[in-house]
Amino acid sequence: MILALAYTYSQDNRRKKVNFFIVQLEAKWLPWAMLVAALVLGGPYAMMYQGTGIIAAHLYDFLTRLYPIFGGGRNYIQTPKIITRWFGGEVKRAQSKGFGTSFAPQAQQATRPSNGFSTAFSSPWSSRGQGRRLGGD
């Protein structure tokens with residue numbers, strides 16, 4: 001199961017850097033490094049057992065994302081709605097209605113606490129000091 005989650009993460013974040021024990025590598029190599037670690041620490045049966053997680057995750061990814069989008073097929077495995085709500089699935093921003101299209105507002109950004117004097121016309125750089133021009137003088 002852990003390898004299935006690692007495979008799904010690695011497919012979504014291919015170029016991210018991750019640390020595996022003392023080695024830093026791209027996320028796309030994480031499940032394979034975990035598979036080699038299972039071979040070294042647990043033997044060939046542990047590796048085969050962990051490999052089923054990669055196979056299951058790849059099959060799920062293929063049937064829910066790759067085949068429906070690029071192959072023109074339908075999504076054979078539907079994620080339950082309660083899971084989508086709990087873990088933040090895709091949010092529809094636009095809805096077609098009888099009178100037109102309505103758009104949901106974007107989420108508000110969290111505001112940072114103020115660390116100094118500010119006015120309605122201040123910018124993020126106004127509390128950073130005077131600033132000095134480099135070179136010249």
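## Around S10

In this predicted model, S10 makes contact with A27, K28 and P31, once its neighbours within four places in sequence are left aside. You can find S10 in helix α1. Is S10 buried or exposed? With a relative accessible area of 1%, S10 counts as buried, because the cut-off for that label is under 20%.

One of the residues touching S10 is K28, and K28 is partly exposed, with a relative accessible area of 23%. We will meet K28 again below, in a charged pair.

## Charged pairs

Now let's turn to salt bridges. Side chains of opposite charge can pair when their charged atoms come close. How many salt bridges are there here? The count comes to four.

Start with R65 and D12, whose side chains form a salt bridge at 2.7 Å, N to O. This pair links distant parts of the chain: R65 belongs to helix α3 (residues 44–70) and D12 to helix α1 (residues 2–12), 53 residues apart. R65 counts as partly exposed at 33% relative accessibility, and D12 counts as partly exposed at 44%. There is also a network here, in which salt bridges link D12, D61 and R65.

## E26 and its partners

Next, look at E26. Its side chain meets that of R15 in a salt bridge, with 3.4 Å from N to O. Because E26 lies in strand β2 (residues 23–26) and R15 in the loop between α1 and β1 (17–20), the pair ties together parts that are eleven residues apart in sequence. R15 has a relative accessibility of 61%, so R15 counts as exposed.

The side chain of E26 also forms a salt bridge with that of K28, at 3.6 Å from N to O. Here is the link back to the opening: K28 is in contact with S10 as well.

## The nonpolar core

Let's finish with the nonpolar residues. In soluble globular proteins, nonpolar side chains tend to be buried together. In this model, the largest nonpolar core has 14 residues. Which residues have the most contacts inside this core? They are L3, V18, F20, L30, M34 and I54. The elements that give two or more residues to the core are α1, β1, α2 (30–42) and α3.

To see one of these residues up close, pick out I54 in the structure. Not counting residues up to four places away in sequence, I54 touches L3, Y7, P31, W32 and L35.

Definitions and conventions: Residues numbered from 1 in each chain as written. Predicted model: local features only at pLDDT ≥ 70, side-chain atom pairs only at ≥ 80, totals over all residues. Heavy atoms only, no water. Helix = DSSP H or I, 4+ residues; strand = E, 2+ residues; numbered from the N terminus. Buried < 20%, exposed > 50% of the residue type's maximum accessible area, 1.4 Å probe, protein only. Contact = heavy atoms within 4.5 Å. Core = buried A, V, L, I, M, F, W, Y, C linked by side-chain atoms within 4.5 Å.
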